[in-house]
Amino acid sequence: MDLIALFLAGVPVFAVLALVPQARAGVFLGLAAAAAIWAAHQMLPPVTGSDAAGNAMAKGFRAFLYASAAGGGAAACLFHLTRIAWPAVGSRGARIFRFVFFLAVSIPLGAALLVFWEEVLR
Amino acid sequence: MQTTFTETQLQDPGTKRANEILRSCVHCGFCTATCPTYQVLGDELDSPRGRIYLIKDMLENERVPDAKTVKHIDRCLSCLACMTTCPSGVHYMHLVDHARAYIEKHYDRPWSDRALRWLLARILPYPTRFRLALLGAKLARPFRQLVPDARLRAMLDMVPKSIPPVSRNDDPQSFAPAQPQKKRVALMTGCAQKALNTDINDATIRLLTRLGCEVVVAKGAGCCGALTHHMGREAESHATAARNIFAWAAEMDGQGLDAIVINTSGCGTTVKDYGHMFRQDPLAADAARVSAIAMDISELLMQLELPEGADNGLTVAYHAACSLQHGQQVKTHPKTLLKRAGFKVVEPADSHLCCGSAGTYNLMQPDISAQLKTRKVKTLEAKQPDLIAAGNIGCMMQIGSGTALPIVHTVELLDWATGGPQPPALTAPGKQAPQVPVLR
């Protein structure tokens, strides 16, 4: 169960932020949420301290929970961007499809952000 | 062995090298006696001699490899036991590596094979991706019966029960020696090992700094390239290897290095072969410099003054990783060090045989690998040890998945015996912890 929670932390974040009625506000809030959660993730203390050359284990799996949640914010940002880019999506079915699509994207997006952070930016 | 390559064919450096190797084989067949796959399958084509014939035929005739040839070459563990046995000095490693690269270029594998190999090459050498994949695999494990492919099921089975958090000791930095400096060494922190077991690098750093080494984790160094190299994916393996060469050459040109230390013997074999891998490359000189100072952790520890320890009453079954005993010909150092530290060392009856791990072999050939694992675990347990020690993370994962005995890296025991913490694997749930504490 705890593992499932690690992967799905972005879903509630996305679900809440996707409800923002104004697309531009949604983009801003999604980005802000992602950045804030990511910053909080960076400030997490190491799990077991940092003795020289031993067991300076980084941030445990809480780090991944935060990354997943940040992925939800980023997915919400992308969702609202598509609302700006294609405002004329009219049918209810198309709008539901868009919502479900980005809901699904919010699950692996946190993992993708983490990989990008570790392999490219660090 | 007589060969009939044309002059044009011999213009290719890979073929030229293959020709030299093929001509050194005298078909004696001694290699069959120590080939694990021949022992399991009993087919001549699953022995080094049989594979050499297949490779010769494929290369000489420049033919597109057929499924039969690929099957038998894929079944090779690259354990290199044949090279230890061979009285003629046939360099089977370079030959099979060349054959694999040739197959990768010319053979159209079934889509499931291609997908699996692509996936492994894209995930295993990258610790963050590998860690995420391990988490995902843990979620998928309850549904393993629904997975149609035996290789995917094997992957799910190999996922460890606990996955350690990231260790920032693996990040680029320098660790100061705890006593007057004797050596400055670069530690290769590896790739898969960083996701599977962070205790090994931590123990290595503690031990080396305690013995007077400055330990550098060079910026830019990562995967050695072995995993993709053994799949025949030359471009990918050379790209990752080149990053290591750049990183270590920069350290050598900067403050200097006395050694590049490797605690995963599979990687050690590859790094020591960089000189050959890059012989036709502008990086050849730097690659040769790197290879020249690359050494297994046990080789370095033999040069340092490891304190003598009193008999601590613990019996350690030492599993010699193929890459260490055959690939690097390091046979006695780990046992000598363990004995010096106060452990009683025993060896299994089939110590020369592979445990079936062999990089990605246990994922790609799960049936043969499982048979080799069962055999190895049986012979190790027959010695009734308190714990098992090995010098390669792949062997540790493979054997650890088949026994209740704790399995640790040799360096973790040496660290423990000289003042470090007890290896966490000795107190892991589900493992039979040794009853006698180590005396320091």
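Is B:C354 buried or exposed? In this predicted model, B:C354 is buried, with a relative accessible area of 4%. The structure contains 0 disulfides over all chains. B:C354 accordingly takes part in no disulfide, and the nearest cysteine sulfur, belonging to B:C322, lies 3.8 Å away. A disulfide would require a pair of cysteine sulfur atoms within 2.5 Å.

Chain B holds an open sheet of 4 strands with parallel pairing, in the order β7-β6-β8-β9. Its edges are formed by β7 (344-346) and β9 (407-409) of chain B, each of which pairs on one side only. Neighbouring strands in the sheet are turned against each other by 35° on average, with direction ignored. In general, the strands of a sheet pair through backbone hydrogen bonds, in either a parallel or an antiparallel sense. Between β8 (residues 387-390) and β9 of chain B, the parallel pairing extends over 3 bridges. Within this part of the sheet, B:A390 stands opposite B:H409 of β9(B).

Helix α20 of chain B (residues 333-340) lies across β6 (315-319), β7 and β8 of chain B, and runs at about 170° to β6(B). B:P334 is located in this helix, α20 of chain B, and is buried, with a relative accessible area of 2%. Leaving aside residues up to four places away in sequence, B:P334 touches B:S298, B:Y318, B:L324 and B:T410. The C-alpha atom of B:P334 is separated by 12 Å from that of B:K344, a residue 10 places away along the chain.

On the chain A side, A:A111, A:L114, A:V115, A:E118 and A:E119 of α5(A) meet B:T128, B:R129 and B:L132 of α9(B). Classified by residue type, the contact of α5(A) with α9(B) comprises 4 nonpolar, 1 polar and 3 charged residues.

Notes:
Residues numbered from 1 in each chain as written. Chains lettered and ligands numbered in written order. Predicted model: local features only at pLDDT ≥ 70, side-chain atom pairs only at ≥ 80, totals over all residues. Heavy atoms only, no water. Buried < 20%, exposed > 50% of the residue type's maximum accessible area, 1.4 Å probe, protein only. Pairing = 2+ DSSP bridges. Helix = DSSP H or I, 4+ residues; strand = E, 2+ residues; numbered from the N terminus. Axes fitted to C-alpha atoms, helices over the stretch in contact; angles between N-to-C directions. Contact = heavy atoms within 4.5 Å. Nonpolar A, V, L, I, M, F, W, Y, C, P; charged D, E, K, R; others polar.
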